[in-house]
Amino acid sequence: MSTKTWQDPKPARVTYDDWARLFEDVPDELLDRYHYYREDQERSGGLKPWSAYMFPPQTFAVYGARHLKRLKFDNSLAALRMWGFVQNETERLYRARQVGRRVVATMGDLGAVPVIVNSFPGATAFYPDCIWWMPFVMESNVLFDAAAGLGIGDATCFSRAALGAFDKHAYFPEPDLVVASTGASCDDYSGVEQLAGRFAAEMLWVESPCRRERLGCHACGEDLAETVDSGTPYEPESLAFLVTEYERVKETMERLTGHRTSEEELRAGVRKANRVRRLTRRVRELAYRDGALPSLEAMVVEFGNLHHYADIDEWPEVLEHLVETCEERGRKGETVVDRDALRLVWVTPPADPLFLNYLEDQGARVVGTEYVIGQALELLDEDRPPLEAVAESFMAASLTGSTRQRTEAAIRQAREHDADGVIISGILGGSHCAMESRLIARYVKAELDLPVLEFDVPPPAKEISRQIRTRIDAFLEVLRGRR
Amino acid sequence: MAVLTSERLDALREERLQRLRAHRASGRKVIGWIAGFTPVEVIRAAGAEPVRLLRGGYQAEARGDRYLRSDACPLCLSSMGAFDIDPLYRLVDAVAAVNTCDMLRRLPESIHRHFGLPVYQLYMPRTSEALPHRVAEFRRQLEWFAGELAAFTGNEVGPKTLAGGIREANRVRGALRGLDELCKGDNPVLSGTDILDAVAFATTLDPEHAVSLIGGIHEMASSVEPTPGSRPRLMLGGSEVAEQDRWLVETIETKADIVTDMLDTGTSWYEEDCPEDGEPMDALARFYFARTGMMRRPNDRAYERARGLVKENRVKAVVWKTLLYCDPWNFEAVRLREEVGVPVLHIDGNYSSENREQLRTRVEAFLENL
């Protein structure tokens, strides 16, 4: 990315210290350009801007994000901006409360309900679920210990950190409302939601229906509709059911905000979400197909589709910046990861970001992902009534259907990008990991005859355990041998 | 004391297998069912024989490692393993399951992929607020299930046959409640082990034989004089208790009486009848939807029930037995301690016998402290 005052260096993955040196050269004029909650900032008149987020990783490391010292980052200004924006989210949520926004914790559905919440003026949705990165970024078990004190011990998904965060009252302001989605979802997080209820001023439960697949039965598969974007088959009755659930969300939000929303406002919300989803799709393409962005940054972008890191207006600007940067790299024929590196599809997000760095250090790269957020990547149908559009996108959810359906997404990407292998990272005790991993491996082997590596991400640590590194190394050796 | 001796239990198990073989030989389908929310009434209305698949056991669990990761819940693991080695499971023509938890929602796919059996996965809304559209959705699931079974068995499921299925299931439930009454007084003559055995057979035998067996147990128990003295009255709760968990119940009952339970495999299954008036499918949908459980969201009603059972049965302590990785029940142990107002012993484990002595010591120490 080139601006009048800044020229990105040659693309590379750089260390925390490298970024400190690079940051010294970034002009103040640029740093002042980027703000969150721009409208609120503008409304605050002549007050000194309080909403800057453009800081180097060191700023966040000082406040406890120790892992940043060990990670490698893309060296573009756009990536720096992205990291600043993402790391700043806690501050942003507290600021939201200060400026009078309604802060709504959405839980469990990973991508759908925030589209509705964010359509309300002055409402900000966020996912406590995303706190699951926090213990790794902080290299700390504090949140897990807090969750254990409330009943959720070690042998459970890392998403239990969200419960610890509710208990600590320090990671996000007390939400005005918690919208908890459950149903055809993982047990771990459903339990987290249930126990988090004790901290909620108001809690609304939303049912996520199951997407049934024909498994030797007679009528399954008949009269199915398909999502317009990915073509995921679903029962039309499930869509109608979910719309009724979302009506309840809308009504609750109307009561909370005192604002009777219009169809047009909801449509505008859908369009905003779609803008983000389209940009994310472009980033994925540039990263996974062209190697223009490292897999770590690409993962952060993918998860931005969930709640836009609590600022639906600024996040797409960050994404535009990233897209421009990656496209410019493309025009120059530059990549940040070796195009000839071993190509892998990653299934289930690695809670520890070090894994993605390590893979690239060892001469591999990610060319496809199935990070359990298929619903957030699905484009919303702008021709449908808005709640129906949100519900329809959720019909493509990763975890509400069968394992076979979920695997299809990974298989499709593996075919498209001529993958060399598939990695399935899991979590000890995670309900879907325990039930799905073997089946996914079986389906992949049967359909593609590709090697599959399965491992569990260990608890937070300063480095990847030797045992897992050895397993990854051996796996990559096998893949090299097959080339 | 247990009314049914181990020899009698073995004989009953063998008899059960013979009956199922006879059913199959006569062309009748055997449908294995998993999870207490499975509407056996529909299975019976379709002219099939419902058999609860809840044997447990470490051998089956270890065998299940071939198909699932070892951090799947022991019930799922043992279910998978049992399709390899347990004669009861091998008699099953198809499997029906309700998603009382995520693992059970996913189990049918593994059964189907590995053993080729047709599986019927009913989706029960996990949210517990009985909003009209949620009950209607469950009713739709039941109708789909009925249609599937009709196609599988060749027997139409109509209001009449469904009403018959409801009546038969209610008959069994009523008989089990009759046994339960024998636990209400001081020094109950019937043990938790007996109830566990009775439910295990009631859910795997046809109604006629189940009611006859329960009647026999009732008769035997009624003729027994209560043992004098006073023992702590306990409630057993938690994850599903399988047939092969009998040892744990026996261990507890060496020093205490289990007078009630909060188990999917116990009172939860039979405490209420499905209403027999009104349109049967509608009644069935409402009946199952209204059932409580720690996995429903919110689960406050499950706690209300727990407090009610403790009070009504003068329970002095709760043994909360959960299966490893069984999140819906495991996660609630801390809150349960806050809610029920009596001491709670939480035991979390699998079907392995290796830690039995350790568990025995923990149980005994807990009971001595009451």
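This is a predicted model: local features need pLDDT of at least 70, side-chain atom pairs count only at pLDDT 80 or more; totals for chains, interfaces and linings use all residues.
A:Val372 sits in the loop that runs between strand E10 (364-370) and helix H17 (374-377) of chain A. Helices (H or I, at least four residues) and strands (E, at least two) are DSSP runs, numbered from the N terminus. Although A:Val372 is not a glycine, its phi is positive, about 60°. Most residues other than glycine have a negative phi, and most peptide bonds are trans.

Residues are numbered from 1 along each chain as its sequence is written, and chains are lettered from A and ligands numbered from 1 in the order in which they are written.

A:His308 is not a glycine either, and its phi is positive, near 60°. A:His308 belongs to the loop between helix H14 (295-307) and helix H15 (315-332) of chain A. This residue is buried, because 25 other C-beta atoms lie within 10 Å.

The peptide bond that joins B:Arg297 and B:Pro298 is cis, with omega at about -10°. B:Pro298 is in the loop between helix H13 (280-289) and helix H14 (300-312) of chain B.

I turn now to a sheet in chain A. It is an open sheet of 4 strands in the order E4-E3-E5-E6, with parallel pairing; two strands pair if DSSP finds at least two bridges between them. Which strands are at the edges? They are strand E4 (123-126) and strand E6 (203-208) of chain A, each of which pairs on one side only. From one strand to the next the twist averages 20°, where axes are lines fitted to C-alpha atoms, for helices over the stretch in contact, and angles run from 0 to 180 degrees between N-to-C directions.

Let us follow strand E3 of chain A. E3(A) and E4(A) run parallel and pair over 4 bridges, with A:Val103 opposite A:Thr124. Strand E3 (residues 102-107) is also joined by 4 bridges to strand E5 (residues 177-183) of chain A, again in parallel. In that pairing A:Ala105 has A:Val178 as its bridge partner, and A:Met107 stands opposite A:Ala180. How many of the residues of E3(A) are buried? The count is 6 of 6. A:Arg102, A:Val104 and A:Thr106 point one way, and A:Val103, A:Ala105 and A:Met107 point the other way. In a regular strand the side chains alternate between the two faces of the sheet.

In chain B, strand E1 (residues 30-34) pairs with E2(B) in the parallel sense over 4 bridges, and B:Ile31 stands opposite B:Pro50. Together with helix H2 (residues 40-45), these two strands make a right-handed β-α-β unit. Right-handed here means that, with the strands pointing away from the viewer, the path from the first strand over the helix to the second runs clockwise. Strand E2 (residues 49-52) of chain B is covered on both faces, with B:Glu49 and B:Val51 buried on one side and B:Pro50 and B:Arg52 buried on the other.

Next comes the nonpolar core, a set of buried Ala, Val, Leu, Ile, Met, Phe, Trp, Tyr and Cys residues joined through C-beta atoms within 7 Å. The largest one has 274 residues, of which A:Val283, A:Leu322, A:Leu344, A:Val390 and A:Val422 touch the most other members. Helix H13 (residues 263-289) of chain A supplies the largest share, 9 residues.

Finally, I come to the meeting of the two chains. In all, 46 residues of chain B are in contact with 42 residues of chain A, contact being C-beta atoms, placed from the backbone, that lie within 7 Å. Which element gives the most to the side of chain B that touches chain A? It is H6(B), with 9 residues.

Key:
Two residues are in contact if their C-beta atoms, placed from the backbone, lie within 7 Å. A residue is buried if 20 or more other C-beta atoms lie within 10 Å of its own, exposed if 12 or fewer, and partly exposed in between; C-beta atoms are placed from the backbone.
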